[in-house]
Amino acid sequence: MNQEKPMTVPSTRKDLMIVNMGPHHPSMHGVLRLIVTLDGEDVIDCEPILGYLHRGMEKIAENRTIIQYLPYVTRWDYLATMFTEAITVNAPEQLSNIQVPKRASYIRVIMLELSRIASHLLWLGPFMADIGAQTPFFYIFRERELIYDLFEAATGMRMMHNFFRIGGVAADLPHGWIDKCLDFCDYFLTGIAEYQKLITRNPIFLERVEGVGIIGGEEAINWGLSGPMLRASGIQWDLRKVDHYECYDEFDWEVQWQKEGDSLARYLVRISEMTESIKIIQQALEGIPGGPYENLEIRRFDRVKDTVWNEFDYRFISKKPSPTFELSKQELYARVEAPKGELGIFLIGDKGVFPWRYKIRPPGFINLQILPQLVKRMKLADIMTILGSIDIIMGEVDR
Amino acid sequence: MQGNLSAWLVKHALIHRSLGFDYQGIETLLIKPEDWHSIAVILYVYGYNYLRSQCAYDVALGGLLASVYHLTRIEYGVDQPEEVCIKVFAPRRDPRIPSVFWVWKSVDFQERESYDMLGISYDNHPRLKRILMPESWIGWPLRKDYITPNFYEIQDAH
């Protein structure tokens, strides 16, 4: 008797097509190679191949002192450079119990939040460009140039600032910077309103982005995602609130999160994070205290116990902490909430100036793992939407 | 000095060794490679559902290789989440550690990177190949005794 064949999805061709979306492509994610197995227009599998930008950052770190390594770290995530510097400097500070003065902490928070806005802006541009809307790409550079000008006035460099130091920042803010920054905040709120008007309720955008690349909350935790990807799936996990680092507790701000877990939710989380960052910057600028911008009393005589800072018997060498800042023989996992996720450093000190092991936990690397799972059963055009919404940058994926 | 997790594991008669606390006060446990996959499931059931980072390093020149896992419990509305750091030591000659990909999927690329950089092979990992170096590379770059091929430094004559 004839058995009924089980009902299968009709495939258009007998053999599957393997397409290479090669390392060169006109998108600003970087050199990422995707080998995509297609059945017509449906994606069966996708394999990312990394390593085209591997520069051996971790091996180099084993032979550099912290102050020598600071120029390297901005090259991991070259769009949100303050975070990489912050984590490089936070790890030895936590290892050696160095207090950062209040003013330096406020300056750091302002720089970090400006860098977060810059990174989200430069995420938005290529994301829209991949979907097909070229205009926001130019708009974001207009705002990003203003942030570059602010950074250049304070640090001397537009992008690869070498600004953070162990114990504070390298130099104080110039005169008039705070007023310029407040002007920028006011202007930027109108800029975000412009983006909202142009993009968020645009029906073509919503068609492309809604319901594409859905991750559930439990799955997101299991895959180790962090940052806006985790918050867009309903988990309210923000390291700025959880870890209470720097002085984020003194400001009044909320964790932005969404429930759906699709690309639209990730977009909304990032846009609202930009608004929250402006709120934090405005509060920080209003309340910035005076005082020193760097803790110069870091280099102390070794093996001196029980001295409290500012007491009469506190013994210190009053020089900036370079180049012979010693890392004690301890290990530490320090982390910050970078715009792309959780950026962490696992630092094993050796009793000397060079670390024994310097492991960088890049958010883009971990967030990229979920790409093959998300693109299954999606159309070919959705790959770029999903890849864009994951927000990776190859500088930190490959290191 | 034993932390809470170590005491709980001892109560359930699971073999491990407590390495004390790291500098921030996070408990560190040392687990043998043979026990690791069962203890990983037990830790997942205990509540550690978020594997933050997995890395590997060599403990001493010519000594063992260590694979380090940082686990956290993500819960709603928690102020100081519980964290633990697990280390698994493997011999340098034939380093094999069971993969925990089937427990926490976030070690997929990270174990591949530890394999690529230090040579620790993870059993039962679905696709253990080199990730950052080219596929045809020989050698384990992040080991302390790694010599870069074809790298000659200019040295003075005397």
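A residue counts as buried when its relative accessible area is under 20%. In the predicted model described here, A:Cys46 has a relative accessible area of 2% and is therefore buried. A:Cys181 is likewise classed as buried, because its relative accessibility is 0%. A disulfide is a covalent bond between the sulfur atoms of two cysteines. A search of the whole structure returned zero disulfides over all chains. For A:Cys181, the nearest cysteine sulfur belongs to A:Cys185 and lies 4.8 Å away; because a disulfide requires sulfur atoms within 2.5 Å, A:Cys181 is in no disulfide.

In soluble globular proteins, nonpolar side chains tend to be buried together. The largest nonpolar core of the model comprises 81 residues, of which A:Trp76, A:Met111, A:Leu114 and A:Trp177 touch the most other members. Helix H4 of chain A, spanning residues 102–131, gives the most to this core, with 16 residues. When residues up to four places away in sequence are not counted, A:Trp177 touches A:Ile110, A:Met111, A:Leu114, A:Leu150, A:Ala153, A:Ala154 and A:Leu285. Another core, of 68 residues, lies apart from the largest one and includes A:Val397, B:Val84, B:Ile97 and B:Phe101.

An open sheet in chain A is formed by three strands in the order S1-S2-S3, with antiparallel pairing. Strand S1 (17–21) and strand S3 (42–49) of chain A each have a single partner strand and stand at the edges, so one side of each is left without a neighbour in the sheet. On average, neighbouring strands are turned by 20° against each other, direction ignored. Five bridges join S1(A) to strand S2 of chain A, residues 33–39, and the two run antiparallel. Within this pairing, A:Met17 has A:Leu38 of S2(A) as its bridge partner. Helix H14 of chain A (residues 380–390) packs on the sheet and touches S1, S2 and S3 of chain A. The direction of H14 makes about 145° with that of S2(A).

Chain B contains three helices and seven strands. From the N terminus on, the order of these elements is α-β-β-α-β-β-β-β-α-β. Of the 158 residues of chain B, 52% count as buried. Among the contacts in chain B with a separation of 6 or more, 50% are accounted for by residues 24 or more positions apart. The accessible surface of chain B comes to about 7,900 Å², and 54% of this surface belongs to carbon and sulfur atoms.

Key
Residues numbered from 1 in each chain as written. Chains lettered and ligands numbered in written order. Predicted model: local features only at pLDDT ≥ 70, side-chain atom pairs only at ≥ 80, totals over all residues. Heavy atoms only, no water. Core = buried A, V, L, I, M, F, W, Y, C linked by side-chain atoms within 4.5 Å. Buried < 20%, exposed > 50% of the residue type's maximum accessible area, 1.4 Å probe, protein only. Helix = DSSP H or I, 4+ residues; strand = E, 2+ residues; numbered from the N terminus. Contact = heavy atoms within 4.5 Å. Pairing = 2+ DSSP bridges. Axes fitted to C-alpha atoms, helices over the stretch in contact; angles between N-to-C directions. Areas by Shrake-Rupley, 256 points an atom, 1.4 Å probe, with all protein chains shown as cover.
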